Amino acid sequence: MSEFWLISAPGDKTNLQAWERMNTVTSKSNLSSNSKFHIPDLKVGTLDALVGLSDELGKLDSFAESIIKKIAQYIGEVMEDSKDKVQENLLANGVDLISYLTRFEWDMAKYPIKQPLKNISEALAKQVTQIESDLKTRSAAYNNIKGNLQSLEKKTMGNLLTRTLADIVHKEDFVLNSEYLITLLVVVPKSSYLQWQKTYESLSDMVVPRSTKMIAEDAEGGLFTVTLFRKVMDDFKAKARENRFMVREFYYDEKELKCEKEELMKLASDKKQQYWWQPLLPACLSSSLRNGFMVPTVSGELHLAHKTEAWGDHSTVLFSQGPLLRWLKVNFSEAFVAWIHVKALRVFVESVLRYGLPVNFQAMLLQPNRKSVKRLRDVLNVVFKHLDEVAAASIMDPGMDIPGLQLSNQEYYPYVYFKIDLSLLD
């Protein structure tokens, strides 16, 4: 189950005994997997500042989570040919998300704890906002390439009446540079092949005998060439249409066709280079061989090395990811790490507001068993109901109102509680 509960309760002797009781009950009944969640000693500040920060952190929490989901889903979109590998590309500080979360350590270098809580919150907000801004810019550029490619690819779809012919026709199919003759392309239904062969020479005067040839076929019909004198072209088209033979408005222009092919190939290449694994030959790299793996010593853009026999017993092919996928992975990690720090801040602020000073609380991370969510909630309510008898009673009786408490649809329990959902691709 990818859902976690980040909770806290006071850290005094009585409540530490409650923790032990909760751990014993949940492990015996296999209700959840529990681990301590370490939050450093942060600067508390004033009560007014904490109340204001509580609201700001709630908004930042939702914002950061939305950005993480956007990046995760965008990684899935960019890796459209390797969707089964998306989850393994969602890492935080180089490890899978569950490992990072269950072994969370505050990043002292990035978020120094001697500064006020508001400064830490603003630094986190600035970081996530910058990632969102960069994501918009990069996704716009990628979507532009993708959109242009799809427009061109659509031309290669459809039947012979509508699709591009750039990848079908060849120079030798046409009479070119003739003052008098021209080669037309005619789409003939499958059921009319025999009729075409019998009648095309007589559809108008001046049709070159035995000049027809089928150069392509799809499920509905075939594409035939026919050569005739330019002066009878309009008459031939009219007669062909009467017989349900459709003449394509196409004139062979080698330069134009070459440009269309090259544009399609370039866009496909540009799109693939944004995310695809690109092989790098050992000769191109400054590297050293370690345990059968070639380890690069110059490029910071290499993310994968695997062994191959292609160039002998000890050679290696290295693969680098395209720039967009690299950026998405790096910034997913940055955003996820920031998000979990926001969660830690929220637990700290809410615990101080709920349990008072001096700061003394224990945070714990629970991963509920999918089938035991309700029972786990009941156990927590029983164990910690002494922290807030009114809230505990309201949970037992959902119809009961708590006077003066405005929850704004937020879940409220006797203990501090925040949910962390790692189902980022749903």
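**Close-up 1. The surroundings of F336 in this predicted model.** Start with F336 and look past its neighbours within four places in sequence: what is F336 in contact with? The partners are I68, A92, L97, Y100 and L422.

**Close-up 2. The largest nonpolar core, with 62 residues.** Now widen the view around F336, which joins F37 and F332 as the residues with the most contacts inside this core. Several elements each supply at least two residues: the helices α2 (47-78), α3 (97-102), α4 (117-155) and α8 (323-355), together with the strands β1 (3-10), β14 (361-368) and β15 (416-421). Which element gives the largest share? That is α8, with 18 residues of the core. As background, nonpolar side chains in soluble globular proteins tend to be buried together.

**Close-up 3. A second, separate core.** Here you can find 18 residues, including I182, V188, M233 and A240.

**Close-up 4. An open sheet of four strands.** Follow the strands in the order β6-β7-β5-β8, with antiparallel pairing. Strands β6 (213-217) and β8 (246-248) are at the edges, and each of them pairs on one side only. From one strand to the next, the twist averages 35°.

**Close-up 5. Where β5 meets β8.** Strand β5 covers residues 181-189 and runs antiparallel to β8. How many bridges join β5 to β8? There are three bridges between them. To get your bearings along this pair, look for V187, which stands opposite M246 in β8.

Key:
Residues are numbered from 1 along each chain as its sequence is written. This is a predicted model: local features need pLDDT of at least 70, side-chain atom pairs count only at pLDDT 80 or more; totals for chains, interfaces and linings use all residues. Side-chain values use heavy atoms; hydrogens and water are left out. Two strands pair if DSSP finds at least two bridges between them. Axes are lines fitted to C-alpha atoms, for helices over the stretch in contact, and angles run from 0 to 180 degrees between N-to-C directions. A nonpolar core is a set of buried Ala, Val, Leu, Ile, Met, Phe, Trp, Tyr and Cys residues joined through side-chain atoms within 4.5 Å. Buried means under 20% relative accessible area, exposed over 50%, partly exposed in between (1.4 Å probe, protein chains only). Contact means heavy atoms within 4.5 Å.
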